[in-house]
Amino acid sequence: DAEAQFTEDNLELTIQTNYFSPFLIVNNLFDYINVGARVVVTSSGLHAFESFGNFEGVIDPKNNNGKIHDGFEMICGTPFDHKKSYAVSKLCVVAFCRELDRRLRKRNAKAICFTPGLITTSGLFKHQTRWNETVLKKVGMGMVDTEEWGGCILAWMALSDEAGKQGGAYWRAPFGSSKRGGKSPDDLFSAPVNDAAKDPQNQEQ
């Protein structure tokens, strides 16, 4: 929708759902992650087109004590945009995955992330009705995938030896693979992430 929606924690709905919630879960469980364990985080291919800016929307540049603004709408400080808010939240996830992986190396554990593809039947867009036009366009272009496809990729990420070889990796398949006779995991590959997510300072922030 055109205006930002906020949770009872006074956080913008998209960023809390996609980033702060999984961050909180992992942070609370961090001390219990076993040697050799694997943390799998769900992201999106849309992260590749975004940046954090200088975190203007979250951190007061005049008071850089790490405290975030209460009730911020966009991390990057731009006016709220429903598509951008989703993409930036997934950029946060990728940067978080890479920083988490670095911190897990001491116990020989790994963090990896992936995109399950664009799955329009999952309820992903229930709060963002303005996505309808975009979704219908992607459907027409054959770029959507099935829930079963996304579930299979998640299972492969969690269980396969191949996925667990490289920490901090981001896995994906060509969009619409499940609708074109693609096979999981044959079509999956470890893909580059954008420069903002690779930046160690952004990861730490």
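**Figure 1. F55 in the loop between β1 and α2.** F55 sits in the loop that runs between β1 (38-42) and α2. The view, like those that follow, is taken from a predicted model. The phi angle of F55 is near 60 degrees, a positive value in a residue other than glycine. F55 counts as buried, with a relative accessibility of 10%.

**Figure 2. N10 in the segment before α1.** N10 is found in the segment that precedes α1. Although N10 is not a glycine, its phi is positive, at about 60 degrees. N10 is partly exposed, and its relative accessible area is 30%.

**Figure 3. The cis peptide bond at P185.** The bond that joins S184 to P185 is cis, and its omega is near 15 degrees. P185 belongs to the loop between β3 (170-172) and β4 (189-191).

**Figure 4. The salt bridge between E50 and K84.** The side chains of E50 and K84 form a salt bridge, with an N to O distance of 2.6 Å. E50 is in the loop between β1 and α2 and K84 is in helix α2, so the pair ties together parts that lie 34 residues apart in sequence. What is the relative accessibility of E50? The value is 15%, and E50 counts as buried. K84 is partly exposed, with a relative accessible area of 24%.

**Figure 5. Salt bridges of E204 with R102 and R103.** The side chains of R102 and E204 meet in a salt bridge at 3.9 Å, N to O. This pair links distant parts of the chain, with R102 in helix α2 and E204 in helix α6, 102 residues apart. E204 also has a salt bridge with R103, where the closest N and O atoms are 3.1 Å apart. R103 is in helix α2 and E204 in helix α6, so this second pair ties together parts that are 101 residues apart in sequence. Salt bridges with shared partners join E99, R102, R103 and E204 into one network. The relative accessible area is 42% for R102, which is partly exposed. R103, at 39%, is partly exposed, and E204 counts as partly exposed at 48%. In the whole structure the count comes to eight salt bridges.

**Figure 6. The second largest pocket.** About 560 Å³ of space lies in this pocket. Its lining has 23 residues, and the closest to the pocket centre are Y19, F23, Q203, E204 and Q205. Which helix gives the most to the lining of the second largest pocket? Helix α2 does, with six residues. At least two lining residues come from each of α1 (13-29), α2 and α6 (200-204). By class, 15 residues of the lining are nonpolar, five are polar and three are charged.

**Figure 7. The second largest cavity.** The structure holds three cavities of 30 Å³ or more. The second largest cavity contains about 50 Å³ of space. Its lining is made up of E12, I15, F72, E73, M74, I75, S85, V88 and S89. Helix α2 (residues 82-104) gives the most to this lining, with three residues. The lining residues divide into five nonpolar, two polar and two charged.

**Figure 8. A nonpolar patch on the surface.** The patch is formed by I25, L29 and Y32, which together have about 360 Å² of accessible area. I25 is part of helix α1. With a relative accessibility of 51%, I25 counts as exposed.

Methods: Residues numbered from 1 in each chain as written. Predicted model: local features only at pLDDT ≥ 70, side-chain atom pairs only at ≥ 80, totals over all residues. Heavy atoms only, no water. 1 Å grid on protein atoms, 1.4 Å probe; cavity = no way out; pocket = protein on both sides within 12 Å on 5 of 7 lines; lining within 4 Å. Points joined across faces, edges and corners; volume = space filled by probe spheres on them. Helix = DSSP H or I, 4+ residues; strand = E, 2+ residues; numbered from the N terminus. Nonpolar A, V, L, I, M, F, W, Y, C, P; charged D, E, K, R; others polar. Buried < 20%, exposed > 50% of the residue type's maximum accessible area, 1.4 Å probe, protein only. Patch = residues over 30% accessible without salt bridge, like charges linked within 9 Å, V, L, I, M, F, W, Y side chains within 5 Å. Areas by Shrake-Rupley, 256 points an atom, 1.4 Å probe, with all protein chains shown as cover. Salt bridge = Lys/Arg side-chain N within 4 Å of Asp/Glu carboxyl O.
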